[in-house]
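Work through the exercises below with the sequence and the 3D structure open. Each task is followed by a stepwise solution.

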Amino acid sequence: MSFLKKLSPFYNLGIFYLLVNVVVRIILIFHPITQSTFGFAEILKIFLLGFISDIFVFIVATFFLWLYLIFLSNSKYFKPWGYLIFGLFLALLLYILSGKTILHEYGGSLPEVGFAFVAIKTFLFGLLLFFPNYRNSIRFWLFSCTIFLYVILILQNAISEYFFWNEFGVRYNFIAVDYLVYTNEVIGNIMQSYPVVPIFTGLFIVAALITFIIVKKSKNYITDLPDFRQKLKISTIYLVLFCLSLVAIPFLSTKENTQNIFANELQANGLYKFYLAFVNSELDYFKFYKTLPKQKAYSLLNQQIPGTSSDTILRQIKSNAAENHKNVVLITIESYSADFMKAYGNTNNLTPFLDDLATKSLLFTNLYAVGNRTVRGLEAVTLCLPPTAGESVVKRADNKNKFCTGNLFAQRGYSVKFMYGGDAFFDNMQDFFGGNGYDVVDKKSFTPEQITFSNVWGVCDEDMANKAIQVMNAEAQLGRPFFNHWMTVSNHRPFTYPNGKIDISNTLKSREGGVKYTDYALKQFFDMAQKQPWFANTVFVILADHCASSSGKTELPLEKYRIPAMIYAPGFIPASHYNQLMSQIDVMPTVLGLLNFSYKSKFYGQDVLKTDYKPRAFIATYQNLGLIQDNVLTILSPKQKAKQWQLTLVPNPKVGPDFQIMYEETPLQKERKDLIDRTISYYQTTSAVLKNKKYQRLK
């Protein structure tokens with residue numbers, strides 16, 4: 001019996017967690033949004049299998065509680081170990097204060113967070129070390145705080161699940177993950193939508209009362225700490241159950257398989273559903289968004305993209321001229337908004353090189369990024385399809401062997417590479433590009449002498465430029481054309497770069513410095529490239545992956561998606577402006593058109609220089625899917641919602657007519673159903689071809 005008491009923190013907290021989940025299920029069953037009836041067998045399955053699943057999820061969730069409890073002891077404070085450990089804590093604290101840690105290299109609030117965490121640990125260890133007479137009291141309050149934290153998280157999760165069900169009629173999905181990405185917007189929405197102060201006041205009072213009860217029933221653990229043998233028994237039992245839970249949880253989720261969707265959702269555990277959403281990074285379009293009959297969706301798509309049939313997007317692209325197998329260098333620039341450039345109204349001279357290069361290029365003046373994350377930009381120029389709900393294809397498990405730009409070049413004998421100054425394992429880039437036929441050149445391929453400056457994101461853009469020139473020279477010597485995609489890194493927090501290169505000190509860690517240094521690095525690249533024999537036979541494509549920020553007054557603020565894009569090929573492509581509305585997904589199909597490529601295409605992106613192109617652009621977040629066409633922005637959202645805004649130009653007299661980016665978005669007075677259906681057709685068919693694996697590369 002005495003040993004069982006040592007398990008009291010676990011089973012007392014577990015009983016509370018299981019009771020809360022039972023209550024949540026009962027509330028959700030009787031919620032008005034749960035428009036379903038349940039038979040006795042379904043009710044039994046919901047509560048029985050749900051209860052078992054909750055037990056295993058709780059075991060996994062208490063890993064940190066086990067870790068905390070198992071290291072509680074008095075022996076570590078005995079001489080000399082207590083003083084040695086305290087000295088190590090102080091040394092770590094001083095190391096962080098030195099400002100030379102990886103936390104400082106990244107910047108932001110990480111150094112402060114890291115310092116605060118280590119400072120608190122040092123302070124508490126010191127209290128327990130130097131005040132042994134108060135050790136039991138201090139340990140009691142720390143134990144109480146730990147239990148309180150678990151209690152309040154359990155209650156807060158229950159409240160969150162209720163409100164999420166109230167909004168969407170399901171357990172957590174990728175929208176909940178999305179909420180973690182857009183924290184500021186979500187907190188603002190919660191503050192405006194719900195009585196936050198009363199809710200959280202009540203939450204803390206209830207949590208305090210429950211904590212008092214659990215601590216009272218569990219304090220025997222800390223008043224009489226278990227010895228080594230008892231801790232070994234506790235750890236053995238816990239770790240066996242932990243391993244069993246890792247197998248049982250996914251197995252039980254496969255039993256959520258009835259035709260009644262509500263029954264499946266009620267049976268599920270919300271925390272595990274959140275984990276699955278985070279890992280799978282997808283949001284089922286057909287479950288949450290407006291849809292059309294399949295034939296109508298493809299028929300509407302055919303009107304926008306000539307050549308597609310009623311059930312496939314495959315079409316033939318034919319050129320009347322011979323293919324021109326020039327080298328192609330695609331440069332996607334990190335976080336490069338259009339309004340950084342002089343032509344779009346910037347007066348700070350941040351991009352002198354690109355400003356000049358734009359006057360010598362085919363400049364796309366009215367182009368929109370599809371999203372506001374790097375993986376969205378990489379997806380757009382590689383797969384050339386509209387963004388889908390949830391995470392980018394780049395970060396999904398099913399991201400390989402897709403129909404992509406690199407494959408079309410490889411079929412023509414090109415050497416195909418993706419170049420990135422950081423570690424390509426970040427954001428799943430290695431897996432995506434490697435799985436689609438690209439050779440990956442990243443920081444791991446650099447020798448120490450090739451790196452003059454690096455930060456947490458990788459080597460500086462100058463070092464990558466030098467590496468790119470070396471790689472391209474080697475490729476040219478083999479006599480093969482090359483297609484190289486270079487993703488820059490320097491215009492990213494912490495905005496550090498080699499000093500003395502530009503007139504903005506790297507110690508300022510400013511966005512302006514990051515922008516100007518990237519522009520400087522690109523100039524160094526082109527200065528070197530112009531001296532190479534392959535330069536005259538190369539097409540350079542330069543565009544941003546996304547804008548520097550995405551927040552605005554509206555759900556999808558247009559100015560936060562406008563990016564610069566140009567094609568530079570002196571002697572081959574004359575300098576000019578293309579002013580029609582277009583999308584990031586159209587850039588590479590247009591390049592292929594300029595090279596006279598004939599091929600079977602699955603791309604949604606189009607050659608905008610063709611006469612049959614109908615101007616439109618796609619912009620999206622993880623859940624809001626937008627189409628800009630006919631001066632109307634149509635947005636599809638979960639819960640089968642569709643909204644429309646009339647776009648009215650707000651002219652800037654200091655900017656030329658081709659470079660105006662500000663639009664007033666006002667709710668459309670009369671619904672344009674044709675545009676809603678058109679938007680649905682794009683996003684529904686895109687989701688379908690990905691889901692049904694019809695966007696694979698052609699054999």
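The model is predicted: local features need pLDDT of at least 70, side-chain atom pairs count only at pLDDT 80 or more, and totals for chains, interfaces and linings use all residues. Residues are numbered from 1 along each chain as its sequence is written, and side-chain values use heavy atoms, with hydrogens and water left out.

**Exercise 1.** Find the bridge partner of W645 in β19.

Step 1. Helices (H or I, at least four residues) and strands (E, at least two) are DSSP runs, numbered from the N terminus. Two strands pair if DSSP finds at least two bridges between them.
Step 2. β18, residues 641–649, is joined to β19 by 5 bridges in the antiparallel sense.
Step 3. The partner of W645 is P667.

**Exercise 2.** Which cysteine sulfur is nearest to that of C404, and is C404 buried or exposed?

Step 1. A disulfide is a pair of cysteine sulfur atoms within 2.5 Å; by this rule the count is 0.
Step 2. The nearest sulfur to that of C404 belongs to C384, 8.8 Å away.
Step 3. Buried means under 20% relative accessible area, exposed over 50%, partly exposed in between (1.4 Å probe, protein chains only).
Step 4. C404, at 0%, is therefore buried, whereas C145, at 48%, is partly exposed.
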